[in-house]
Amino acid sequence: MFDFGAPWRGSLARYHFRHSVVGEASNGSGGYWVLRSNGSVVNFGTPWLGSPVSRDLTSPAVAIVATPDGGGYWVVTAAGNVFNYGDAKWFGSLARLHPAAPVVDFTPTADGAGYWLATSAGNVSNYGSAVWRGSEGGRHIGTSVVGIVRN
């Protein structure tokens, strides 16, 4: 048995789902949420706050990120939809702009008052209090971007 300091609350390993697990978010108090590509969110040791699975998603879910205080989360799709649950605030999304490349990741500001979305082509979009610092979009970067990290 391994103990990495986080309590084990359960997993989806014994289930055989058609939709793969694409993300996990911790509430900071030992509980976590697991996201599947169809938008289904499963909770372990923390309250279930909602899920976009019932919205007939037009693209797969790609990321789930907890708010800084762990009281909510955002779910993001490849088309750029942003869904907010609990104390997560919605500031906008790329979906209405129909991005040419799929959204691959999402990161909130330290205070949760904004966020950035990144596409596989390197485009970065900012919302709320998130400051735009540039992006790799429009340049030939030779590979796909797979994530974004806040400093």
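Modeller: One definition before we start. Helices (H or I, at least four residues) and strands (E, at least two) are DSSP runs, numbered from the N terminus. This is a predicted model: local features need pLDDT of at least 70, side-chain atom pairs count only at pLDDT 80 or more, and totals for chains, interfaces and linings use all residues. Residues are numbered from 1 along each chain as its sequence is written, and side-chain values use heavy atoms, with hydrogens and water left out.

Biologist: Okay. How many helices and strands does the chain have?

Modeller: Zero helices and nine strands. From the N terminus on, the elements run β-β-β-β-β-β-β-β-β.

Biologist: What is the strand order in the open sheet with E5 in it?

Modeller: The order is E4-E5-E6, and the pairing is antiparallel. Strands pair if DSSP finds at least two bridges between them. The edges are E4 (61–66) and E6 (82–86), each pairing on one side only. The twist averages 15° from one strand to the next. For such angles, axes are lines fitted to C-alpha atoms, and values run from 0 to 180 degrees between N-to-C directions.

Biologist: How many bridges join E5 and E6?

Modeller: Five, with E5 covering residues 72–77. Take glycine 72: its bridge partner in E6 is glycine 86.

Biologist: And what is the order in the sheet with E8?

Modeller: E7-E8-E9, an open sheet of three strands with antiparallel pairing. E7 and E9 (124–128) are the edge strands. Neighbouring strands here are turned by 20° against each other on average, direction ignored. E7 and E8 pair over five bridges. Threonine 107, for example, has tryptophan 116 as its bridge partner in E8.

Biologist: New topic. How much of the chain is buried?

Modeller: Of the 151 residues, 44% count as buried. Buried means under 20% relative accessible area, exposed means over 50%, and partly exposed is in between (1.4 Å probe, protein chains only).

Biologist: Which residues are in the largest nonpolar core?

Modeller: There are twelve, including Ala63, Trp74, Ala88, Leu94, Phe106 and Tyr115. A core is a set of buried Ala, Val, Leu, Ile, Met, Phe, Trp, Tyr and Cys residues joined through side-chain atoms within 4.5 Å. E4, E5, E7 (103–108) and E8 (114–119) each supply at least two residues of this core. A second, separate core has eleven residues, among them Ala25, Trp33, Val75 and Tyr85.

Biologist: What does alanine 88 touch, leaving aside neighbours within four places in sequence?

Modeller: Thr67, Gly72, Tyr73 and Trp74. Contact means heavy atoms within 4.5 Å.

Biologist: Let's look at that tryptophan. Why does tryptophan 74 count as buried?

Modeller: Because its relative accessibility is 0%. Tryptophan 74 lies in strand E5. Its side chain reaches the backbone oxygen of lysine 89 at 2.8 Å. Tryptophan 74 and alanine 25 are 49 residues apart in sequence, yet 9.5 Å apart in space, C-alpha to C-alpha.

Biologist: What about tyrosine 115, buried or exposed?

Modeller: Buried, with a relative accessible area of 0%. Tyrosine 115 lies in strand E8.

Biologist: Which backbone oxygen does the side chain of tyrosine 115 reach?

Modeller: That of glycine 92, at 2.7 Å. A polar atom of the tyrosine 115 side chain also lies 2.8 Å from the backbone nitrogen of phenylalanine 91.

Definitions and conventions:
Polar contact = N/O pair within 3.5 Å; in protein donor to acceptor, adjacent residues only side chain to side chain.
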